[in-house]
Amino acid sequence: MSDTTAQKVDSRHSPKGPDGQKYLVSGKSLSMRLWEDQQPGGGDEFHTRPYETVGFVISGRAELHLEGSMLLLEPGNSWVVPEGARHRYQILEAFTAVEATHPPAQVHGRDG
């Protein structure tokens with residue numbers, strides 16, 4: 001029998017990850033997180049992750065540097081970072097975005 005459990009997560013009470021992300025709802029193979037009002041700064045270092053990420057920009061602007069190319073992320077844009085791709089983000093303006101990860105980023109120490 002398939003899992004028919006419904007879940008609801010109120011982001012006002014969501015746990016935060018090591019980089020300020022809020023963990024939203026999580027299923028067996030997919031999870032969501034919210035990057036809320038991330039401020040401009042030095043940006044993160046190039047890294048890889050053992051999960052695929054897709055995202056959607058709500059507000060602000062950022063650069064996604066991915067495997068030698070740069071994507072400017074602005075409100076209404078969506079993006080994908082393939083599993084294992086070398087990338088980094090540079091926040092240009094206070095940035096809010098929602099991401100989904102497969103498999104869930106926060107499980108088994110994948111996030112961080």
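Glu-99 and Arg-33 form a salt bridge, with 2.7 Å between the closest N and O atoms; the term stands for a side-chain nitrogen of Lys or Arg within 4 Å of a carboxyl oxygen of Asp or Glu. Since Glu-99 sits in strand β6 and Arg-33 in strand β2, the pair ties together parts that are 66 residues apart in sequence. Strands here are DSSP runs of E with at least two residues, numbered from the N terminus. Both partners, Glu-99 and Arg-33, are buried, where buried means under 20% relative accessible area, exposed over 50%, and partly exposed in between (1.4 Å probe, protein chains only).

A word on the model itself: this is a predicted one, so local features need pLDDT of at least 70 and side-chain atom pairs count only at pLDDT 80 or more, while totals for chains, interfaces and linings use all residues. Residues are numbered from 1 along each chain as its sequence is written, and side-chain values use heavy atoms, with hydrogens and water left out.

Back to the salt bridges: a search of the whole structure turns up four. One of them pairs Glu-36 with Lys-22, and here the closest N and O atoms are 2.9 Å apart. This pair links distant parts of the chain, with Glu-36 in strand β2 and Lys-22 in strand β1, 14 residues apart.

Arg-61 and Glu-93 make another salt bridge, with the closest N and O atoms 3.6 Å apart. Again distant parts of the chain are linked, as Arg-61 is in strand β3 and Glu-93 in strand β6, 32 residues apart. Arg-61 is partly exposed at a relative accessible area of 27%, and Glu-93 also counts as partly exposed, at 39% relative accessibility.

For the record, a pocket is found on a 1 Å grid over the protein atoms alone, as an open set of points where a 1.4 Å probe fits, with protein on both sides within 12 Å along at least five of seven lines; lining residues have an atom within 4 Å of a point. The lining of the largest pocket runs to 21 residues, and Asp-19, Trp-35, Asp-44, His-47 and Tyr-89 are the ones nearest its centre. Both β2 (31–38) and β6 (87–102) supply at least two lining residues each, and β6 gives the largest share, six residues. By type, the lining splits into seven nonpolar, eight polar and six charged residues.

Asp-19, one of the residues nearest the pocket centre, is found in the segment before β1. Asp-19 counts as partly exposed because its relative accessibility is 44%. Its C-alpha atom is separated by 19 Å from that of Trp-79, which is 60 residues away along the chain. Lys-8 also has its place in the segment before β1 (22–26), and at 80% relative accessibility Lys-8 counts as exposed. From Lys-8 to Ala-62 the C-alpha to C-alpha distance is 29 Å, for 54 residues in sequence.

Most residues other than glycine have a negative phi, and most peptide bonds are trans. Asp-37, in strand β2, has a positive phi of about 55° although it is not a glycine, and at 46% relative accessibility Asp-37 counts as partly exposed. Glu-67 likewise has a positive phi, about 50°, without being a glycine. Glu-67 has its place in the loop between β3 (52–66) and β4 and is exposed, with a relative accessible area of 54%. As for the peptide bonds, the one from His-102 to Pro-103 is cis, with omega near -10°; Pro-103 is found in the segment after β6.

Lastly, the surface: Met-70, Leu-72 and Leu-92 make a nonpolar patch of about 230 Å². Nonpolar patches join side chains of Val, Leu, Ile, Met, Phe, Trp and Tyr within 5 Å, using residues with over 30% relative accessible area and no salt bridge. Met-70 lies in strand β4 (residues 69–73) and counts as partly exposed, at 42% relative accessibility.

Notes:
Patch = residues over 30% accessible without salt bridge, like charges linked within 9 Å, V, L, I, M, F, W, Y side chains within 5 Å. Areas by Shrake-Rupley, 256 points an atom, 1.4 Å probe, with all protein chains shown as cover. Helix = DSSP H or I, 4+ residues; strand = E, 2+ residues; numbered from the N terminus. Nonpolar A, V, L, I, M, F, W, Y, C, P; charged D, E, K, R; others polar.
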